[in-house]
Amino acid sequence: MEKIKSRAFNQSTYLVRGRAAELIAADMRKVVFSRFGIQAEIEVGGFSDDEARQIKMTLFGSRQTIAEVVKYVNDNYDFEI
């Protein structure tokens with residue numbers, strides 16, 4: 001019988017400036033896939049003219065990979081409003 005890898009799920013939410021939200025989300029999708037090889041489901045909430053918008057990132061993968069992605073995102077993106 002094959003050994004089944006355990007899969008984990010993580011959902012992170014970030015608050016960003018309204019106009020930059022779509023650009024940041026697109027960059028996050030590209031970087032997460034190219035660096036870590038997993039597809040991130042990234043949704044942007046609110047409207048384009050809102051002062052602050054929410055980015056919700058959902059990840060499926062091994063616990064180690066998810067921890068690495070979350071650490072990378074927190075270290076490399078500036079989410080200050």
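Predicted model: local features only at pLDDT ≥ 70, side-chain atom pairs only at ≥ 80, totals over all residues.
**A charged residue and its partner**

What does the side chain of Arg53 meet in a salt bridge? The partner is Glu22, with 3.3 Å from N to O. The pair links distant parts of the chain, since Glu22 sits in helix α1 (residues 21–36) and Arg53 in strand β3 (residues 52–61), 31 residues apart. Is Glu22 buried or partly exposed? Glu22 counts as partly exposed, because its relative accessibility is 43%.

**The salt bridges side by side**

How many salt bridges does the count come to? The count comes to three.

| Pair | N to O distance |
|---|---|
| Glu22 and Arg53 | 3.3 Å |
| Lys56 and Glu43 | 3.9 Å |
| Asp75 and Lys71 | 2.7 Å |

Look next at the salt bridge of Lys56 with Glu43. Lys56 lies in strand β3 and Glu43 in strand β2 (residues 41–44), so this pair ties together parts that are 13 residues apart in sequence. Lys56 counts as partly exposed because its relative accessibility is 27%. Glu43 is partly exposed too, at 42% relative accessibility.

Are Asp75 and Lys71 buried or exposed? Both of them are exposed.

**Further along strand β3**

Stay with strand β3 for a moment and find Thr58 there. Thr58 is buried, with a relative accessible area of 5%. Which side chain does Thr58 join through a polar contact? That side chain belongs to Gln11, and the contact is 3.1 Å. Not counting residues up to four places away in sequence, Thr58 touches Phe9, Asn10, Gln11, Ala40 and Glu41.

Leu59 is also placed in strand β3. Leu59 counts as buried because its relative accessibility is 0%. Leaving aside neighbours within four places in sequence, the residues in contact with Leu59 are Ala8, Phe9, Asn10, Val32, Ile38, Ala40, Ile66, Val69 and Val70. For a sense of distance, the C-alpha atoms of Leu59 and Ala21 are separated by 18 Å, and these two residues are 38 apart along the chain.

**Stepping back to the whole chain**

Now zoom out. The protein has two helices and three strands, and from the N terminus on its elements run β-α-β-β-α. Its C-alpha trace spans about 55 × 20 × 15 Å along the principal axes. Of the 81 residues in the protein, 35% are buried.

How do contacts reach along the chain? Taking those between residues at least 6 apart in sequence, 67% join residues at least 24 apart.

The accessible surface comes to about 5900 Å², and 49% of that belongs to carbon and sulfur atoms. As for charge, the protein has 12 positive and 12 negative side chains, with the centres of the two sets 7 Å apart.

Technical notes. Residues numbered from 1 in each chain as written. Heavy atoms only, no water. Salt bridge = Lys/Arg side-chain N within 4 Å of Asp/Glu carboxyl O. Helix = DSSP H or I, 4+ residues; strand = E, 2+ residues; numbered from the N terminus. Buried < 20%, exposed > 50% of the residue type's maximum accessible area, 1.4 Å probe, protein only. Polar contact = N/O pair within 3.5 Å; in protein donor to acceptor, adjacent residues only side chain to side chain. Contact = heavy atoms within 4.5 Å. Areas by Shrake-Rupley, 256 points an atom, 1.4 Å probe, with all protein chains shown as cover. Lys, Arg positive; Asp, Glu negative; His and termini not counted. Charge placed at Lys NZ, Arg CZ, Asp CG, Glu CD.
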